[in-house]
Every structure is written in structure tokens, then in C-alpha cells.
Amino acid sequence: MNRPIERCRMMTEHTESADISQVTENFMDKDHDEAMALLARVVQCLEDMPASKVESGRLRDDLRDFIEHSRAHFRREEALMKAVEFPPFQLHKQEHDARLEALVAYVDDLDAGVLEPADLKRLFNEDFVPWYRRHCATMDKATARFVARKEGGET
């Protein structure tokens, strides 16, 4: 079930070459790879559009795809954490909840004209992508190690 620790690179240089360490829990690694591809689409869309004008559907579609993927991924992770009685479950879930709320607020603010594409690009590059890297390297990796110990019969 586990695979060797590898590194995957984001598909665009605009996200500060966001390396994501593989956590060796297969569904989590697969979800992280998919999330990075979706996130790269969002960032590339932001790079491609004029600084003050939002192209009608593409950015919103990409953002919604990323949000839906994140929701599903977080639910899978949270179900796994509950199943193995992961002690810091609440802390990990709180991070998920806060980031989902922020992502939805980004879309709402973009729709309301409160947020410009340049602002969204900055938020993704300076806030969300670095958080995502840290979250995968710390919380998700710790979760995967705990799961591996539980599956191996260790306590």
C-alpha cells in the first residue's frame, strides 16, 4: 500500500515551485497530486488574464473544481483519521475547515467584485500554496505515519 517517498512538482513556476512531499498513504498522495494539478490550473488562469478583468467562466470553474476536490479529499482524510482514532483529529480538521471557508470566500469576493484577479493570485501564491505545502509536509505526513503504525499493529 505504501510507496517510497517521492517529490512531485507543481506544473507552473508561478506557484513558487511548490514541492509536495509524498506522505506514503496512497489515496492521500493521489489526492495531493490531483489537487496540485487543479491548483496549477487556477494559478495559470490567473496568470493568463488581465490584472483587472475576470474572464467569465474558466477561473470560477477551475476554482470550484479545486474546492470540490478539496472537500472530497478532506472528507476522506477525516474519515481515515476517525477510523484510526488519530489524536490530533480536531486540530487537523480545523485546518481543513478554515481553508475551505477561505476558498469559498475567495470565490464569493471575486463574484462580488471585492477581490480582483491580481489579489487572488497573490493570495494563492503567498498564502494558500505555502500553507498547502506545510500542511502536507506536517499534518498529512504525521497522519500517514500514524495510520501506517496502526496498520502495522504498533500502538
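The axes of H2 and helix H3 (residues 89-112) come within 11 Å and cross at roughly 170°. That angle makes H2 roughly antiparallel to H3, a label used for angles over 145 degrees, while those under 35 count as roughly parallel, 65 to 115 as roughly perpendicular and the rest as oblique. Axes here are lines fitted to C-alpha atoms, for helices over the stretch in contact, and angles run from 0 to 180 degrees between N-to-C directions. The crossing of H2 and H3 is left-handed, that is, the near helix is turned anticlockwise from the far one by less than a right angle, clockwise being right-handed. The contact of H2 with H3 is made of 12 nonpolar, 3 polar and 9 charged residues. In this sorting, Ala, Val, Leu, Ile, Met, Phe, Trp, Tyr, Cys and Pro are nonpolar, Asp, Glu, Lys and Arg are charged, and the others, Gly among them, are polar.

A word on what you are looking at: this is a predicted model, in which local features need pLDDT of at least 70 and side-chain atom pairs count only at pLDDT 80 or more, while totals for chains, interfaces and linings use all residues. Residues are numbered from 1 along each chain as its sequence is written, and side-chain values use heavy atoms, with hydrogens and water left out.

Stepping back, the protein has 4 helices and 2 strands, running β-β-α-α-α-α from the N terminus on. Helices (H or I, at least four residues) and strands (E, at least two) are DSSP runs, numbered from the N terminus. Of the 155 residues, 46% count as buried, meaning under 20% relative accessible area, with exposed set at over 50% and partly exposed in between (1.4 Å probe, protein chains only). Among contacts between residues at least 6 apart in sequence, 67% join residues at least 24 apart; contact means heavy atoms within 4.5 Å.

Now follow H2 to its other partner. Helix H1 (residues 26-48) and helix H2 (residues 58-83) have axes that come within 9 Å and cross at roughly 160°, so H1 and H2 are roughly antiparallel to each other. Their crossing is left-handed, and the residues of this contact divide into 12 nonpolar, 4 polar and 9 charged.

Val-42 sits in helix H1 and is buried, with a relative accessible area of 0%. Setting aside neighbours within four places in sequence, Val-42 is in contact with Leu-59, Asp-62, Leu-63, Phe-66 and Phe-124. Val-42 and Phe-124 are 82 residues apart in sequence and 8.9 Å apart in space, C-alpha to C-alpha.

Let's move on to helix H4 (residues 117-151), where you will find His-135. His-135 is buried, with a relative accessible area of 3%. Its side chain makes a polar contact with the side chain of Glu-95 at 2.8 Å. A polar contact is a pair of N or O atoms within 3.5 Å; within protein, one must be able to donate a hydrogen and the other to accept it, and residues adjacent in sequence count only if both atoms are side-chain atoms. Not counting residues up to four places away in sequence, His-135 touches Glu-77, His-92, Glu-95, His-96 and Asp-140.

Thr-143 is also found in helix H4, and at 0% relative accessibility Thr-143 counts as buried. The side chain of Thr-143 reaches the backbone oxygen of Met-139 at 2.8 Å. Leaving aside neighbours within four places in sequence, Thr-143 is in contact with Met-28, Met-81, Phe-86 and His-92.
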